[in-house]
Amino acid sequence: MSVSSVSTTLAWSPLDSAGPALVWIIVTTFIFAECGLIIGLFLPGDSLLFAAGVVLANHDRPIDAWALAGVSTLVAILGNEFGYFVGAKTGTKMLAREGGKVLNQQNLQRAKDFLDKYGFWAIVAARWLPWVRTLAPAIAGAAGMDRKRYTWATITGALTWSPILILLGYYAAGLLNRYPWLQTVAVIGFVAFFVVGTSYGVYRYRQEMRRPMHEESDVKNGPS
């Protein structure tokens, strides 16, 4: 087998046949879930955004990368608005479970304290804190945080989160163009991490949701 044949074989990516459309579907679905639904606590959001950029670079689709960065920002904002709405309507009782490893009273209290202390900037910073990212919207809604202030905070946070990770993944992958085999290894590695991480996350979510709700987990006071 010639050197060129080896390079061609190694440059193949298992996502080449899936296409950017699949990347769009997965990213937008997961980002909304991570920002607005309890299951988002267990999903690999940051690595998914970076991996999406890497995969789009493998397809040489700069327009798709920039467009997805914009759309994912909008989806992240909508996800947070949905989380706020749910929190305002139902409180935070479903967010803590008796004996939960992740969905527990301690994590809920830590997120409450974080929002109480930093308010607006807590919502912005929460984008980069995986478990706080999912809990913060519901807590803010349940606590009655000013809606306009919350919306501006979640917009600011979204603009400084998903576009950075997607475009960082895209242009970082572009630096590997001289080494197709290394780019392929990176793509396969991210895909493997995504599949394993998501499967484990769904398993953990099911385990947590089987536990009874914590009776004293609702928010009484919160950020303004």
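The model is predicted, so local features need pLDDT of at least 70 and side-chain atom pairs count only at pLDDT 80 or more, while totals for chains, interfaces and linings use all residues. Residues are numbered from 1 along each chain as its sequence is written, and side-chain values use heavy atoms, with hydrogens and water left out.

**View 1. The largest pocket and its lining.** Here we look into a space of about 270 Å³. A pocket is an open set of points on a 1 Å grid over the protein atoms alone, where a 1.4 Å probe fits, with protein on both sides within 12 Å along at least five of seven lines. Its volume is the space filled by probe spheres set on the points, which are joined across faces, edges and corners. Lining residues, those with an atom within 4 Å of a point, number 18, and G36, L37, I38, V86 and L95 lie nearest the centre. Helices α4 (62-90) and α7 (130-143) are the elements giving two or more residues to this lining; helices are DSSP runs (H or I, at least four residues), numbered from the N terminus. By class, the lining has 11 nonpolar residues, six polar and one charged. Ala, Val, Leu, Ile, Met, Phe, Trp, Tyr, Cys and Pro count as nonpolar, Asp, Glu, Lys and Arg as charged, and the others, Gly among them, as polar.

**View 2. The largest nonpolar core.** A nonpolar core joins buried Ala, Val, Leu, Ile, Met, Phe, Trp, Tyr and Cys residues through side-chain atoms within 4.5 Å; buried means under 20% relative accessible area, with a 1.4 Å probe and protein chains only. Of the 28 members, V23, V27, I31, L49, L68 and W161 touch the most others. At least two residues come from each of α2 (20-36), α3 (45-58), α4 and α9 (162-174), and α3 supplies the largest share, seven. Another core, of 23 residues, lies apart from this one and includes V132, I139, A140 and Y150.

**View 3. T73 in helix α4.** T73 is buried, at 7% relative accessible area. Its side chain makes a polar contact of 3.3 Å with that of S162 (N or O atoms within 3.5 Å, one able to donate a hydrogen and the other to accept it; residues adjacent in sequence count only if both atoms are side-chain atoms). Beyond four places in sequence, T73 is in contact (heavy atoms within 4.5 Å) with A158, L159, S162 and P163.

**View 4. G141 in helix α7.** G141 is also buried, at 6%. Setting aside residues up to four places away in sequence, G141 touches Y84, G87 and A88. G91 sits 50 residues from G141 in sequence, with 7.6 Å between their C-alpha atoms.

Methods: Buried means under 20% relative accessible area, exposed over 50%, partly exposed in between (1.4 Å probe, protein chains only).
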